Amino acid sequence: MRNKRSEQIAAHRPRYQDELAHGLDRFFDPERATCPWCTSARLRRRLCTTNHPQRKPGHFVLDQCRNCGHVFQNPRLSADGLDFYYRDCYDGLGEATMARMAASPLAVKLYRARARALLPFSRPARWLDVGTGHGHFCAEARRIHPRTEFHGLDWGEGVEIGVRNGRITRAYRGSFAGLAGQLTSQYDVVSMYHYLEHTLAPRQELAAAHTALRRGGHLLIEVPDPQSAAARLLGRWWGPWLQPQHLHLIPLDNLCGALTEQGFTVVATNRREPHIPTDLTSAAVNVLNCVLPGEDLPWLPRKPGPVSRWVRRLSLLAAAPALLVLFGIDILLAPLTRRTRLSNAYRVIARRD
């Protein structure tokens, strides 16, 4: 397995190095002077950080609107930047890691809680999960909704893997806004779990959901909460900032207002259950990724030597007990965290009028 991965990395290296030789400027659009949510010019710098998970080069800035609180990447990734930074993150070299995380006991517990959240409102016949990845959520949600047919939509090849593995019945690959016209009034439920923050234009995604839903259908959204106290306490190490993939972090009131404008009625909001209890652990992992020697990755300037590789391995081995302790603390504190503003995510359920 290690030899196969080494071969994959070697095969990817020439393309990455050629792209990087032309500089990073083309990976970003021009910087904005106004908020993309409310157009206010009252902006402040929230933070500047790096790509902690993959260690791809570049610095990424998040600005916050003083008027509405919206947090957004500024300058935002361009089309070339989205291709560069998403490549080998959720598929390719990153596929195995993402698959392990999606199948973890913590993820399964979260998936089932998300599926149960709909029970007071609907028993759907057809459900579209947008940003479905490999369809792991749909596989678990079917246990809660056994009579529901689950479809998935995403950009990457993972959605097709989801069909092949029987997790979803039908796959749509591409832009939700671009495909929505083909899906008019076909669904009783559309879900967007940690999807909206990745999109270029969140309001267009809400409009696409309105198009795809039948009258009386429900839209389920979960996103990171930029108003979380954990975001302030942990600063640039807070995991849900996830730069550069997260382009927009939307305060709850802003999202509810946009849903109303699009023709939805918000029927439930929840800051407790959507909390993902990994804040301390993910912050520590981000710090480790910054300070340890890099692993063999095709976008790094050079392949690490044997000394660097051994330093990294021994350091990770030494850090493993501390990470396990932090994860235990995250889990133990979760019942309290969920009841405070330390909760790191929120859920909205809205009905299409």
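## Glu-295 and Arg-312

Glu-295 and Arg-312 pair up in a salt bridge (a side-chain nitrogen of Lys or Arg within 4 Å of a carboxyl oxygen of Asp or Glu), with their closest N and O atoms 3.7 Å apart. Glu-295 sits in the loop between α11 and α12 (306-337), while Arg-312 is in helix α12, so the bridge ties together parts 17 residues apart in sequence. Helices (H or I, at least four residues) and strands (E, at least two) are DSSP runs, numbered from the N terminus.

Glu-295 is partly exposed at 34% relative accessibility, and Arg-312 is buried at 11%. Buried here is under 20% relative accessible area, exposed is over 50%, and partly exposed is in between (1.4 Å probe, protein chains only).

## About the model

This is a predicted model, where local features need pLDDT of at least 70, side-chain atom pairs count only at pLDDT 80 or more, and totals for chains, interfaces and linings use all residues. Residues are numbered from 1 along each chain as its sequence is written, and side-chain values use heavy atoms, leaving out hydrogens and water.

## Two more pairs

Arg-271 and Asp-225 also meet in a salt bridge, at 2.7 Å from N to O. Arg-271 is in the loop between β10 (264-270) and α11 (279-291), and Asp-225 in the loop between β8 and α9 (229-234), so this pair ties together parts 46 residues apart in sequence. Asp-225 is buried, at 0% relative accessible area, and Arg-271 is partly exposed, at 23%.

Then there's Asp-188 with Arg-214, their closest N and O atoms 3.0 Å apart. Asp-188 belongs to strand β7 (residues 187-193) and Arg-214 to strand β8 (residues 213-224).
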